[in-house]
Amino acid sequence: PSALAAECADEQGKFWGFHDKVFSNQDIMSDAKYKEWAKELGLNSAQFDSCLDAKKFQSEVQKDIQDGSNAGVSGTPTFFIGSSQKGYQKIVGAQPYSVIKAAIEQELS
């Protein structure tokens, strides 16, 4: 549901503001909260509410989920660090900076 709401916010050019609101309030997410946050961010409420209620971007969200699944992603965060020449290292879950740094340094060497 939050992905649908984010797509509706993106339709009005407010994806990142909405994204930040969702990630700051993960413990209270709901359709009612999404609509409240849309108002706070200055979105056209009628347009946002209609978009969310109709699940306008359901097929796009499902495609994103399928694309992730096809790439071997089963949750967030998942990072792929590398290149097509050297291959990719998949890093799953909240990892410390040192893990990400080591993967980048390996790619650059």
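Which strand holds Ser83? Ser83 sits in strand 1, residues 78–83; strands are DSSP E runs of at least two residues and helices H or I runs of at least four, numbered from the N terminus. The model is predicted, so local features need pLDDT of at least 70 and side-chain atom pairs pLDDT 80 or more, while totals for chains, interfaces and linings use all residues. Residues are numbered from 1 along each chain as its sequence is written, and side-chain values use heavy atoms, leaving out hydrogens and water.

**View 1. Ser83 and its partners.** Ser83 is buried at 13% relative accessible area (buried is under 20%, with a 1.4 Å probe and protein chains only). Its side chain makes a 3.0 Å polar contact with that of Glu107 (N or O atoms within 3.5 Å, one able to donate a hydrogen and the other to accept it). Leaving aside residues up to four places away in sequence, Ser83 touches Tyr88 and Glu107 (heavy atoms within 4.5 Å).

**View 2. The largest nonpolar core.** Among its 15 residues, Ala5, Phe18, Tyr34, Phe48 and Leu52 touch the most other members (a core is a set of buried Ala, Val, Leu, Ile, Met, Phe, Trp, Tyr and Cys joined through side-chain atoms within 4.5 Å). Helix 1, helix 2, helix 3 (31–40) and helix 4 (45–53) each give two or more residues to this core, and helix 1 gives the most, with 5.

**View 3. Around Leu52.** Not counting residues up to four places away in sequence, Leu52 touches Pro1, Leu4, Ala5, Cys8, Asp31, Tyr34 and Lys35.

Key
Buried means under 20% relative accessible area, exposed over 50%, partly exposed in between (1.4 Å probe, protein chains only).
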